[in-house]
Amino acid sequence: MAPAKALEILWIVLFRFRLWPRLWAIALIAVNVGALAFLDTIYGWMALVSALIGILVMIVIYFRLGFVRLLGIGHVLWLPMLAWFATNLPDSGQTPWLHAWVLVLIVFNGLSLVIDTSDVIRYLRGDRAPHYTWQRSA
């Protein structure tokens, strides 16, 4: 059941969002999937594990509340991850691709955290209506 819920969330993001939020989500997903190219490093593993835990948190929230602004809290593990990445950047001379990916990840996930923080605050202040309700065909 959880994989189906994850696919529902992904479907909503990729096919039901308006154009600019959809493009942002696609770029954010692509940058984070880049972790798979660096699984021989702690950076790749940290990004992958934090993403997977975040997805699980979002699935639980989606199960209980639907597609609400609180889903952004699933990215909370990015805070310590990005702080560690920013203070432990890989050497650009020895691992230029890893260095570039970590920098791009810091920028994208950092911007996403700003959006997520705004969304969670709005949810806590009462903006709790689901943004999208999954329509099942009969």
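Which residues is Asn32 in contact with, leaving aside its neighbours within four places in sequence? Let's start there. One caution before the answer: this is a predicted model.

The answer is Trp78, Leu105 and Asn109. Find Asn32 in helix H2, which covers residues 19-33. Is Asn32 buried or exposed? Its relative accessible area is 12%. Buried means under 20%, so Asn32 is buried.

Now take one of those partners, Leu105. Again, don't count residues up to four places away in sequence. Leu105 then touches Val31, Asn32, Ala47, Met81, Leu82, Phe85 and Gly110.

Leu105 also brings us to the largest nonpolar core. This core has 16 residues. Met81, Trp101 and Leu105 touch the most other members. Which elements give two or more residues to the core? They are H2, helix H3 (42-65), helix H4 (78-87) and helix H5 (96-124). H5 gives the most, with five residues.

On to the aromatic rings. A search of the whole structure finds eight aromatic pairs. Here is one of them: Phe38 and Trp101. Their ring centres are 5.0 Å apart, and their planes sit at 25°. Under 30 degrees counts as stacked, so this pair is stacked. Where are the two partners in the chain? Phe38 is in the loop between H2 and H3, and Trp101 is in helix H5. Phe38 is buried, with a relative accessible area of 14%. Trp101 is buried as well, at 10%.

Next pair: Tyr43 and Trp84. This one is tilted, with 5.4 Å centre to centre and 45° between the planes. Tyr43 lies in helix H3 and Trp84 in helix H4, so the pair ties together parts 41 residues apart in sequence. Tyr43 is buried, at 9% relative accessibility. Trp84 is partly exposed, at 32%. And look for one aromatic cluster made of Phe17, Tyr62 and Phe67.

Last stop, the largest pocket. It holds about 1,200 Å³ of space. How many residues line the pocket? The count is 37, and Ile9, Val13, Ala25, Met58 and His75 lie nearest its centre. Helix H1 (2-16), H2, H3 and H5 each supply at least two lining residues. By type, the lining divides into 28 nonpolar, five polar and four charged.

Notes
Residues numbered from 1 in each chain as written. Predicted model: local features only at pLDDT ≥ 70, side-chain atom pairs only at ≥ 80, totals over all residues. Heavy atoms only, no water. Helix = DSSP H or I, 4+ residues; strand = E, 2+ residues; numbered from the N terminus. Buried < 20%, exposed > 50% of the residue type's maximum accessible area, 1.4 Å probe, protein only. Contact = heavy atoms within 4.5 Å. Core = buried A, V, L, I, M, F, W, Y, C linked by side-chain atoms within 4.5 Å. 1 Å grid on protein atoms, 1.4 Å probe; cavity = no way out; pocket = protein on both sides within 12 Å on 5 of 7 lines; lining within 4 Å. Points joined across faces, edges and corners; volume = space filled by probe spheres on them. Nonpolar A, V, L, I, M, F, W, Y, C, P; charged D, E, K, R; others polar. Phe/Tyr/Trp six-rings, centres within 6.5 Å; stacked < 30°, edge-to-face > 60°.
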